Amino acid sequence: MAAKKPITVTLTGAGGQIGYALLFRIASGAMLGPDTPVRLNLLEIPQGVRAAEGAALELQDSAFPLLSHVEVYDDANSAFAGANVALLVGARPRTAGMERGDLLTANGGIFGPQGAAINAVAADDIRVVVVGNPANTNALIASAHAPDVPAERFTALTRLDHNRALGQLAATVDTPVGDIRGVTIWGNHSATQFPDVAHATAAGDSVPALLAHRLGGPEGARRWLAEQFIPRVAKRGAEIIEVRGSSSVGSAASATIDHVHDWVLGTPDGWTSAAVVSDGSYGVPEGLVSSFPVDSVDGAWRIRQGLEVDDFARRGIEASVAELVEERDAVRALGLL
Ligand SMILES: NC(=O)c1ccc[n+]([C@@H]2O[C@H](COP(=O)([O-])OP(=O)(O)OC[C@H]3O[C@@H](n4cnc5c(N)ncnc54)[C@H](O)[C@@H]3O)[C@@H](O)[C@H]2O)c1
Ligand SMILES: O=C(O)C[C@H](O)C(=O)O
């Protein structure tokens, strides 16, 4: 049988924390499957090149059978040449006391030039996931600079929030995390996001009903969702920064692997969450990069249609979308869009 052609993956910020956690899982086949060879192009700024080169040496020492080639660059047009998948991680992380939106001025300028380079030199089937914060608006900036690439190929990571929600629910309803379905993160990857369990099930049972059973009825469940679950998930990034002393790394890398894996290979277990360009679904203004319930169909994200959104969820989604509009207007005013 002919060997499969390698997929070219470009990773920015390859010398940083998340980059280091990602590389070994990509090279092992966890992201694109156990029979897909990978070429890795690592992009760094000059100060980060040595760290990326060190990671490349360690990749060689790991003798991954699927890893066909690794190259380190400090030039975007070289790094994105022929890329099929781009992981845009390279950006400054926030520190204690900051919100992710505070990074707009520090990081926004990175994504226009990278979007333009992707437009100029990436492969026709390029898929992009932005991890660097504020991820949704950075994806919007990158997409705006890549007019020849369909906007739906630019996404931002909210799978980490989705996975955090699964973790919290599994612990509360005492069900293995793999048995939970139907959770959605709506809106921005920020403290305003709306984690929604109205349609969730655990091993086939309704999560709202299980919560009501455990928490003294529907009112107890509602209170737990509003006062504990939603803020815990939405502010988990800050909790990790407080406890670890720096922002999430292993879980962020793992969620990035999940996002690309499902985008390329499908979502047989039902929808997941990803920030994708809005087509106006659920009242989210067209063009914003917002998190939705998404299925992966034939290698493309499709927003799951027809889910009932109650008043509580509607208010939560609207608040997060209002923040996305503010971020879009702020980057427009900065000349980044
Ligand atoms: N969306 C999410 O769920 C999520 C989760 C965790 C972290 N993040 C974000 O991911 C980003 C990276 O986090 P980290 O912990 O790896 O940070 P880090 O500081 O350890 O690494 C960032 C790396 O990016 C490099 N870099 C900076 N500008 C670059 C550019 N223009 N091109 C290429 N590389 C560049 C830096 O040299 C550095 O090596 C941060 O913005 C962080 O807030 C997002
Ligand atoms: O919260 C942060 O600043 C990092 C990341 O976006 C996270 O959610 O952990």
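Me: Into which domains is the chain divided?
Reply: This is a predicted model. The chain falls into domain 1, residues 7-156, and domain 2, residues 159-329. Their C-alpha centres lie 24 Å apart.

Me: How many residues of domain 1 are in contact with domain 2?
Reply: A contact here is a pair of residues whose C-beta atoms, placed from the backbone, lie within 7 Å. By that criterion, 34 residues of domain 1 are in contact with 31 residues of domain 2.

Me: Turning to the whole chain, how many helices and strands does the chain have?
Reply: There are 11 helices and 14 strands in the chain.

Me: Why is the chain called as compact as a globular protein of its length?
Reply: The radius of gyration is compared with the value from the globule rule. For 337 residues the rule gives 20 Å, and the chain has 19 Å, which is close, so the chain is as compact as a globular protein of that length. The C-alpha trace spans about 55 × 50 × 40 Å along its principal axes.

Me: What percentage of the 337 residues is buried?
Reply: A residue counts as buried if 20 or more other C-beta atoms lie within 10 Å of its own. Buried residues are 48% of the 337 in the chain.

Me: What share of the contacts with a separation of 6 or more joins residues 24 or more positions apart?
Reply: Such pairs account for 72% of those contacts in the chain.

Key. Residues are numbered from 1 along each chain as its sequence is written. Chains are lettered from A and ligands numbered from 1 in the order in which they are written. This is a predicted model: local features need pLDDT of at least 70, side-chain atom pairs count only at pLDDT 80 or more; totals for chains, interfaces and linings use all residues. Domain bounds come from an automatic or database domain assignment. Two residues are in contact if their C-beta atoms, placed from the backbone, lie within 7 Å. Helices (H or I, at least four residues) and strands (E, at least two) are DSSP runs, numbered from the N terminus. The radius of gyration is taken over C-alpha atoms; the globule rule is 2.2 Å times the number of residues to the power 0.38. A residue is buried if 20 or more other C-beta atoms lie within 10 Å of its own, exposed if 12 or fewer, and partly exposed in between; C-beta atoms are placed from the backbone.
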